[in-house]
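Subject: Structure handover

Hello,

Here is the structure you are taking over. Please open it first, then read the notes below it.

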Amino acid sequence: MNVSTKGTASHTYDAIVVGSGISGGWAAKELTEKGLNTLVLERGRDVKHGDYPTAMMEKWEFPGRNTISQESRERQAKQSRTGYTTREATAHWFVDDIDNPYSEDKAFDWCRGYHVGGRSLMWGRQSYRLGDLDFEANAKDGFGVDWPLRYAEIKPWYDHAERFAGISGQNEGLYQLPDGDFLPPFEMNCLEKHAKQRIEKKFGDRKLIHARVAHLSQAHLGRGGCHFRNRCSRGCPYGAYFSSNASTLPAAAATGRMTLRPFSIVTELIYDQETSRAKGVRILDAETGEAMEYYAKVVFLCASAIASTSILLNSKSDRFPTGLGNDSGELGHNLMDHHFKVGASGRYDGFEDMYYKGRRPTSTYIPRFRNLGDGLSDQKDYVRGFGYQGGASRTNWTRGVAELARFGADLKADMFAPGGWRMGYGSWGEHLPYHENRMYLNYDKTDKWGMPTVTFDCEFKENERNMRKDMQASAIEMLEAAGLKDVTGFDDPTSAPGLCIHEMGTARMGRDPKTSVLNGHNQVHAVPNVFVTDGSFMTSSSCVNPSLTYMAFTARAADHAVNELNRHNI
Amino acid sequence: MNRREALKHTALMFGVAASPATVTRALAEMAGDSSAPRYLTSSQYKVVAAMAERLLPASDTPGAMDAGVPQFIDVCYGLFTDAEGKNNLRTGLADLERIDYDHLSEAEQDDIIRSIASDNAKPGKSWLRQFRALAFNGYFTSEAAAKSGFIWDPVPGNGSNQTQCIPLAETGGVSFYE
Ligand SMILES: Cc1cc2nc3c(=O)[nH]c(=O)nc-3n(C[C@H](O)[C@H](O)[C@H](O)COP(=O)(O)OP(=O)(O)OC[C@H]3O[C@@H](n4cnc5c(N)ncnc54)[C@H](O)[C@@H]3O)c2cc1C
Ligand code: SF4
């Protein structure tokens with residue numbers, strides 16, 4: 001390959017961060033604030049805060065009224081599998097599947113966006129901590145390997161992440177869902193308040209709480225408070241939810257020590273046999289196709305789990321013939337997501353004269369209540385647990401579509417009035433780490449850059465399937481207890497891994513280099529100046545949304561990297 | 001549709017590499033002449049307009065035609081509907097074209113809607129459901145509906161004013177749905 005090294009000096013930094021999504025933004029902020037000159041390499045186009053073309057568009061300004069066009073269904077066939085991400089308002093944040101192909105030995109939905117900010121722009125903003133119930137789970141039931149740390153070690157970094165990101169919520173004193181440092185919660189509506197009271201009274205072991213979300217319920221660190229528009233995944237002009245673009249990248253830029261290079265596809269790490277360290281990275285310029293090298297003392301891989309693992313797998317040398325850091329053979333394995341698309345909903349008769357204002361962009365949450373290790377909540381046919389997200393609202397005009405015999409002025413007037421209340425919960429369940437669930441590189445099928453593509457071979461198994469029965473039954477039972485009528489359950493057993501968009505685990509951390517890729521500080525065991533701080537490091541999946549955990553571990557890893565640099569250990 | 005606004009957004013979106021060309025193209029088209037159908041035949045379009053107006057007629061709030069429902073159904077048919085959906089829609093429209101639906105009296109048009117609503121054979125009920133979904137979406141998400149029957153408030157504002165459990169009477173109505 002004809003690699004341009006240009007002036008080596010001008011291509012040398014203290015640190016390189018690969019990716020600018022949730023984890024890359026945090027790495028950039030922490031490393032620059034601690035004094036390192038940092039190069040952020042991002043494969044997609046630049047998106048400056050405010051550069052959100054659809055943020056202020058009204059529904060009627062979208063030709064299909066914000067639905068999925070046939071063109072998106074064709075060019076973004078896999079990205080469209082969620083059913084909502086490629087609507088007109090957000091399609092531009094998701095990749096083109098024809099230009100960015102991947103293969104599936106078993107169905108896997110890999111939903112992603114290549115641009116500055118990554119999925120921090122489109123994420124659902126649900127933000128929960130893992131606790132010791134999670135960090136001890138693998139050691140206790142024997143699935144996967146033990147996490148190399150416990151809650152006490154990561155707690156201060158969760159505090160740090162929450163304080164900067166701005167998470168609204170409320171402390172509940174639950175062992176299974178640790179408290180945090182929260183902005184005031186978003187209010188519940190009348191039916192949610194009612195259901196909370198009824199469910200908590202009937203089931204002493206359960207709580208219906210405010211969702212914890214990376215939304216500013218009030219102005220915070222120079223970012224505006226939320227304006228209740230519920231147009232978040234288009235990008236928020238007020239910076240009222242956490243995104244790299246509105247939060248971490250501006251903080252990193254303010255130090256004067258960040259260089260952000262969009263259109264830079266990192267293809268591999270450069271391994272130096274003599275020092276047993278990575279010297280830097282190779283990239284392809286996505287606009288010119290030019291190959292280049294950049295050098296640094298430390299490299300943070302934050303390209304998202306599948307992409308960072310791909311970079312490691314593609315970094316082959318005499319020392320690492322199957323990919324950098326793959327002494328254990330676990331690289332690419334133990335792929336996890338969460339399983340969902342199961343729950344229940346029902347109708348409520350009452351509160352007809354009550355309503356709500358604005359368009360609240362959040363919901364409510366029911367934390368895990370199974371297998372808490374207390375003997376009382378143990379289940380016979382599955383390990384681990386699940387939580388619920390959902391809430392109540394009044395139905396809108398869509399209720400009239402199926403009333404085929406009704407039409408005319410009266411019907412129209414009726415549809416301008418609020419319909420009855422409905423309430424529903426969807427459940428998010430833990431996916432166990434199975435060695436055979438994996439992704440690997442396919443060198444026979446390359447993309448337009450000549451790079452190998454990814455193939456997925458991953459599934460849900462018996463533990464997940466058994467858990468789903470309880471996820472549905474418990475949802476029905478709680479909604480009935482709340483007084484809802486016509487409660488019906490749902491369970492889509494065809495929902496494949498990936499659809500929850502929490503893919504993780506492919507370079508897991510552990511205590512033993514023989515069975516894990518990273519140590520407890522996110523360093524590749526055998527190459528300690530390479531840190532991997534996106535979802536790849538997850539040793540188990542917990543049942544809560546993972547991104548807050550990526551933030552906390554990234555900040556902790558950055559702190560460790562700077563300390564180790566100062567001690568000349570790396 | 002405010003054409004200047006649409007064009008402004010079109011221009012913005014051309015700057016976005018991954019934005020589907022569909023959106024930009026359709027926006028540009030919508031900014032042009034809006035009286036003629038682009039994807040439906042003019043005979044289909046006349047039936048669409050007539051039936052949409054009977055389903056959602058002008059009253060103290062605008063009707064389907066004033067709200068641009070036929071134009072929406074035309075674009076939706078052309079760019080947002082798959083081959084099977086298009087075929088279904090066309091089949092049902094063909095039956096109505098044959099009887100010159102748009103030339104019938106309002107009472108006759110209403111009778112036909114009622115008979116389709118109880119017709120279990122195809123296209124029948126399933127067709128009417130598809131058509132109603134299009135017409136309702138076109139109507140209740142339109143600018144005319146937002147600004148007449150709903151509370152249209154693009155930036156409701158600060159949380160302290162957005163109480164979530166409040167008498168309906170104090171909100172002044174239903175907020176325009178996002
Ligand atoms: C619709 C949706 C809803 C979600 N809801 C939630 C939620 O409620 N709560 C939650 O916790 N999580 C949620 N998630 C998941 C969340 O978005 C991800 O967990 C999070 O963004 C992962 O952060 P990351 O930094 O690892 O990856 P990303 O945010 O995906 O960023 C990775 C970046 O790396 C870049 N990149 C990739 N490959 C390369 C390369 N080779 N070279 C250079 N750059 C590269 C990409 O372009 C991208 O910008 C949701 C995701 C989606 C899409
Ligand atoms: S609802 Fe709040 S966070 Fe979401 S886009 Fe609007 S102002 Fe921003």
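I start with ligand 2, whose shell is made up of seven nonpolar, three polar and two charged residues. In this count Ala, Val, Leu, Ile, Met, Phe, Trp, Tyr, Cys and Pro are nonpolar, Asp, Glu, Lys and Arg are charged, and the others, Gly among them, are polar. Among the residues around ligand 2 are His215(A), Cys226(A), His227(A), Cys232(A) and Cys236(A); a residue is near a molecule if one of its heavy atoms lies within 4 Å of it.

Two notes on reading the model. It is a predicted model, in which local features need pLDDT of at least 70 and side-chain atom pairs count only at pLDDT 80 or more, while totals for chains, interfaces and linings use all residues. Residues are numbered from 1 along each chain as its sequence is written, chains are lettered from A and ligands numbered from 1 in the order in which they are written, and side-chain values use heavy atoms, with hydrogens and water left out.

His227(A) belongs to the loop between strand 4 (209-210) and helix 7 (244-254) of chain A; helices (H or I, at least four residues) and strands (E, at least two) are DSSP runs, numbered from the N terminus. His227(A) is partly exposed, because its relative accessibility is 23%. Buried means under 20% relative accessible area, exposed means over 50%, and partly exposed is in between (1.4 Å probe, protein chains only).

Next, ligand 1. Its surroundings comprise 37 residues, and Ser23(A), Glu42(A), Arg119(A), Gly124(A) and Ser547(A) are the closest. The shell divides into 16 nonpolar, 16 polar and five charged residues. A polar side-chain atom of Ser23(A) is 2.6 Å from an oxygen atom of the ligand. The backbone also takes part: an N or O atom of Arg43(A) lies 3.1 Å from a nitrogen atom of ligand 1, and a polar backbone atom of Arg125(A) is 3.1 Å from an oxygen atom of ligand 1. How much of the accessible area of ligand 1 does the protein cover? It covers 96% of the 990 Å² that ligand 1 has on its own (Shrake-Rupley method, 1.4 Å probe). With three residues, strand 6 of chain A gives the most to this shell.

Then the aromatic rings. There are 37 aromatic pairs over all chains. Rings of Phe, Tyr and Trp (its six-membered ring) pair if their centres lie within 6.5 Å; planes under 30 degrees apart are stacked, over 60 edge-to-face, and the rest tilted. Why is the pair of Trp60(A) and Trp152(B) tilted? Its planes are at 55 degrees, with the ring centres 5.8 Å apart. This pair crosses between chains. Trp60(A) is buried at 6% relative accessible area, whereas Trp152(B) is partly exposed at 32%.

Phe140(B) and Phe150(B) form an edge-to-face pair, 6.3 Å centre to centre with 65 degrees between the planes. Phe140(B) is in helix 7 (residues 124-140) of chain B and Phe150(B) in the loop between helix 8 and strand 1 of that chain, so the pair ties together parts that are ten residues apart in sequence. Phe140(B) is buried at 1% relative accessibility, and Phe150(B) is buried at 8%.

Regards

Conventions. Polar contact = N/O pair within 3.5 Å; in protein donor to acceptor, adjacent residues only side chain to side chain.
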